[in-house]
Amino acid sequence: MLGAAHVGVGHALEQHGCRPDVITGTSVGALNGAVAAAHPDRAAPWSEHVWTQLRRRGVYQLGFPASRAGIFTDRGLRRLIARAGLPTRVEELAVPFTVVPMDLVTGAPALLNRGDLTTALLKSAAVPGLLPPVTREGRTLVDGGVTAYVPVRAALRAGAASVVVVPTGPENSPLSATLPPRRAGAAASRASLLLMHRQIERDLAEASRRLPTVVLPTGTDVWPAHWDFRHSRRLVQAASATAGRFLDDLRVSGPGLYRAEDDPAAATAAGHDAAASARTRRAPRSTPARAGL
């Protein structure tokens, strides 16, 4: 569900003439990234049509209890991928693309830039417990968001000269300072949120020490439930408008973390000058940031 925000940011990037040299994606970012890699410069309108028409049963379909490796079958995802007009293999995409699932045995990210594209996308979208894992070449692979929620390290390994990050979900938003209700579920949810947030900030800090790292805002602070597809149009429109305004003012002048001035999380990037990390720095408009989803 949260991938609808990717579509809005995609509109803003296409309108500003940003064509990536390399795309890396994990979880729903792998699916949207594959569409962008297949149809650079014109992926957003198609994606918006799909996302605004999508409903829960189109993705989460119950399987047969005796054969479930997850609560839901991946039939819906297979149909969604088949409608995207994608080539058969990863290496046939117009833009070099890396899918980032996680090895369920070792916990390490698996970087897939060759082979069957549908299988690679199913692996990266296999939310543990909800959708069935995929076994390939002796490895059992699941949703890469567990270990690489924002796959900037994969972009670095792919040779990116700068990175544009399209984040979604509450893990990427500034964290509230209030404690959750004293209930088991709320405590577990808060702990998971903190864990993912720290992972994201760590990876962004590592990338920004070496490269210009641009984090595009989505304009959403309160996110819907992952299975509630009634909010797609709102997420697309908010992300398109907010990211567009951010790109209008963006100036890149070397390595660093570039994110919205009103994002308090910007000041938490370790090892950076706080003032430089928390503002959008200025350089000539002819210096575009490239690569990475």
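Mentor: Let's take the pocket and cavities, then some helices, a loop residue and a sheet.

Trainee: Anything to know before we start?
Mentor: This is a predicted model, where local features need pLDDT of at least 70, side-chain atom pairs count only at pLDDT 80 or more, and totals for chains, interfaces and linings use all residues. Residues are numbered from 1 along each chain as its sequence is written, and side-chain values use heavy atoms, with hydrogens and water left out.

Trainee: What volume does the largest pocket have?
Mentor: About 1,100 Å³. On a 1 Å grid over the protein atoms alone, a pocket is an open set of points with protein on both sides within 12 Å along at least five of seven lines, whereas a cavity is a set where a 1.4 Å probe fits but cannot get out. Grid points are joined across faces, edges and corners, and the volume is the space filled by probe spheres set on the points.

Trainee: And how many residues line the largest pocket?
Mentor: There are 49 in its lining, with S27, V127, D143, Y149 and H226 nearest the centre; a lining residue has an atom within 4 Å of a point. Helix 2 (28-38), helix 4 (56-59), helix 5 (75-82), helix 6 (117-124) and helix 8 (184-210) each give two or more residues. Helix 8 supplies the largest share, four residues. Helices here are DSSP runs of H or I with at least four residues, strands are runs of E with at least two, and both are numbered from the N terminus.

Trainee: How many of the lining residues are nonpolar?
Mentor: 35 are nonpolar, next to 11 polar and three charged. Nonpolar covers Ala, Val, Leu, Ile, Met, Phe, Trp, Tyr, Cys and Pro, charged covers Asp, Glu, Lys and Arg, and the others, Gly among them, are polar.

Trainee: How many cavities are there of 30 Å³ or more?
Mentor: Three. The second largest cavity has a volume of about 70 Å³, and its lining includes L31, N32, W46 and W51. Helix 3 gives the largest share of that lining, four residues. By class, the lining has seven nonpolar, two polar and no charged residues.

Trainee: Switching to helix 1, why call it largely enclosed?
Mentor: Because 10 of its 12 residues are buried, meaning under 20% relative accessible area with a 1.4 Å probe and protein chains only. Those buried residues pack against helix 2, helix 3 (43-53), strand 8 (163-165) and helix 9 (232-249); contact means heavy atoms within 4.5 Å. After helix 1 comes G17, with a positive phi near 70 degrees.

Trainee: Is helix 2 mostly covered or mostly open?
Mentor: Mostly covered, with nine of its 11 residues buried. Its cover includes helix 1, strand 1 (23-25) and helix 5.

Trainee: Where does T218 sit?
Mentor: T218 is in the loop between strand 9 (212-215) and helix 9. T218 is buried, at 8% relative accessible area, and among the residues it touches are A5, V9 and W223, not counting residues up to four places away in sequence.

Trainee: Last one, in what order do the three strands of the open sheet run?
Mentor: The order is 5-7-6, with antiparallel pairing; two strands pair if DSSP finds at least two bridges between them. Strand 5 (102-103) and strand 6 (134-136) are at the edges with a single partner each, so one side of each lacks a neighbour in the sheet. Strand 6 and strand 7 (139-142) pair over three bridges, and T135 stands opposite T140 in strand 7.

Note on methods
Buried < 20%, exposed > 50% of the residue type's maximum accessible area, 1.4 Å probe, protein only.
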